[in-house]
Amino acid sequence: MIPAPFDYKRASSAAEAIALVSEYGEDAKFLAGGHSLLPLMKLRLAQPAVLIDIARITDLSYITDAGAYIAIGAMTRHMDVEKSPIVLQHAPLLANAASHVGDPQVRHRGTIGGSIAHSDSASDLPATALALGATYIAQGPNGTREIASVDFHKGFLESELSPDEMLTEIRIPKMNGATWGFQKFNRRAQDWAIVGVAAWKRGTESGVALVNMGSVPILATSVSQAIASGASIAEAAQLAAAEAEPQSDSNASAEYREHLARVLVRRALESVQN
Amino acid sequence: MKVTITVNGTTHESEIEPRTLLVQYVRETLGLTGTNIGCDTSSCGACSLHVDGESVKSCTMLAAQADGCQVTTIEGLAKDGVMHPMQQAFMDNHGLQCGFCTPGMVMASISLLKENPNPTEEEVRIGLEGNLCRCTGYHNIVQSVLAAAQAK
Ligand SMILES: Cc1cc2nc3c(=O)[nH]c(=O)nc-3n(C[C@H](O)[C@H](O)[C@H](O)COP(=O)(O)OP(=O)(O)OC[C@H]3O[C@@H](n4cnc5c(N)ncnc54)[C@H](O)[C@@H]3O)c2cc1C
Ligand code: FES
Ligand code: FES
């Protein structure tokens, strides 16, 4: 399967990429790792007239310790997030989630920025960043702005980014001694999650988010509220699906997904990893 | 568009359509048909090759994205008629039956050992999760990779 014809442009800076996308407008799309976009183009579910390759903007591939949070450039690949000593030390939940994305070949190409910008609720990293209370930095023709991860996802493959805006940085608050768990239920190795859970807990404080439990990644606020008011993990996990709106598909019915969410939230919170 | 790609040590300048997939480029433009196409949907790993020393699925990458890069395919492994230690290990341990998955398995396995030179059996199995084999049941493939790690 070969994608429909398109023009290929390569940007060497964020400013150049934004200038190009402003020039070509609606017909253009950014190409990062290409591991979500190219499969869609091969199936002709996407047919952009112009691809703007942003993967070589090396300025946007970095992981730094910024004090209260770690800053990750949007072009950083999953494999680099997974192995980064800074991420392993300060946001081990994110490193672990990154290690569950696809397979090594996918992680050699796919980027954290592409994963979040693509806004697929079945992806592991958007939910993980949501559980951790991430903030995103977007750059457009009129400068940069911050977007809270809770406000970012608008629907299936729809985000708060306008077509001429680029996601440039992901800021992850440090986890500071929290315990955490990442649970991914799938049938075959390398597959997407049928249901996934990213969760952390520090005393009565917690963050819990669900993969593939609706059209957007879901923050399970009822679980965190229950824990804050003294409920046990087992009791709180019963509320896992309260905010979710799962779909039924060939892998699982909505009811089964809700059951999985309750079980996986309990397992993730009971996990003693830190 | 014009791309300059070094494949197995030889630099090629080629005029290609931007939509040319890397696997198409090596198979059809360069005639290196050792890299197989299995699923064509980034699921099976048969098309795995190395770009700048790391395994990628070449059915899910544009040749344009490899412009200026070093590509290694299965044809580039043997030197002066002597097989790469990973190829030899697959042969010695019966790591293949029909051989269709083998080029991708060998390329993925070399990349795996580069990142993790002394993997456990479980790490080999997880490290090869992106490569499917319909024949062997994986056992001898895993043994081959462990043997290649030992041989180093
Ligand atoms: C076989 C296979 C298995 C996979 N399994 C999983 C899995 O288990 N879990 C999982 O989470 N993911 C999985 N993925 C998806 C993978 O994580 C992708 O890498 C990721 O979703 C997209 O990142 P990318 O860099 O490849 O983005 P691309 O495909 O290049 O881009 C995706 C979309 O985001 C836009 N975009 C990219 N970067 C930016 C940016 N910086 N600013 C604005 N817009 C941008 C593009 O225009 C495009 O619309 C899998 C992919 C494959 C092929
Ligand atoms: S042919 Fe590329 S992964 Fe199957
Ligand atoms: S040896 Fe036949 S597919 Fe692996």
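Modeller: Let us begin with a term: contact means heavy atoms within 4.5 Å. Please note that this is a predicted model. Here, helix H3 of chain B lies across strands S3 (48–51), S4 and S5 of chain B.

Colleague: At what angle does H3(B) run to S3(B)?

Modeller: H3(B) runs at about 45 degrees to S3(B).

Colleague: What is the order of the strands in the sheet of chain B?

Modeller: The five strands of this open sheet follow the order S2-S1-S5-S3-S4, with mixed pairing. S2 (10–15) and S4 (54–57) of chain B each have a single partner strand, so one side of each is left without a neighbour in the sheet. From one strand to the next, the twist averages 40 degrees.

Colleague: In which sense do S1(B) and S5(B) pair?

Modeller: S1 (residues 2–7) and S5 (residues 70–72) of chain B pair in the parallel sense, over two bridges. Thr6(B) stands opposite Gln70(B) in S5(B).

Colleague: How are two packed helices described?

Modeller: One gives the angle between their axes and the distance between the axes. In this model, H3 (residues 102–115) and H5 (residues 139–151) of chain B pack at an angle of about 45 degrees, and their axes are 11 Å apart. H3(B) and H5(B) are therefore oblique to each other. Their crossing is right-handed.

Colleague: Which residues of H3(B) and H5(B) meet?

Modeller: From H3(B), Met105(B), Ser109(B), Leu112(B) and Leu113(B) meet Ile141(B), Val145(B), Ala148(B) and Ala149(B) in H5(B). The residues of this contact comprise seven nonpolar, one polar and no charged.

How values were computed. Residues are numbered from 1 along each chain as its sequence is written. Chains are lettered from A and ligands numbered from 1 in the order in which they are written. This is a predicted model: local features need pLDDT of at least 70, side-chain atom pairs count only at pLDDT 80 or more; totals for chains, interfaces and linings use all residues. Side-chain values use heavy atoms; hydrogens and water are left out. Axes are lines fitted to C-alpha atoms, for helices over the stretch in contact, and angles run from 0 to 180 degrees between N-to-C directions. Helices (H or I, at least four residues) and strands (E, at least two) are DSSP runs, numbered from the N terminus. Angles under 35 degrees count as roughly parallel, over 145 as roughly antiparallel, 65 to 115 as roughly perpendicular and the rest as oblique. A crossing is left-handed if the near helix is turned anticlockwise from the far one by less than a right angle, and right-handed if clockwise. Ala, Val, Leu, Ile, Met, Phe, Trp, Tyr, Cys and Pro count as nonpolar, Asp, Glu, Lys and Arg as charged, and the others, Gly among them, as polar. Two strands pair if DSSP finds at least two bridges between them.
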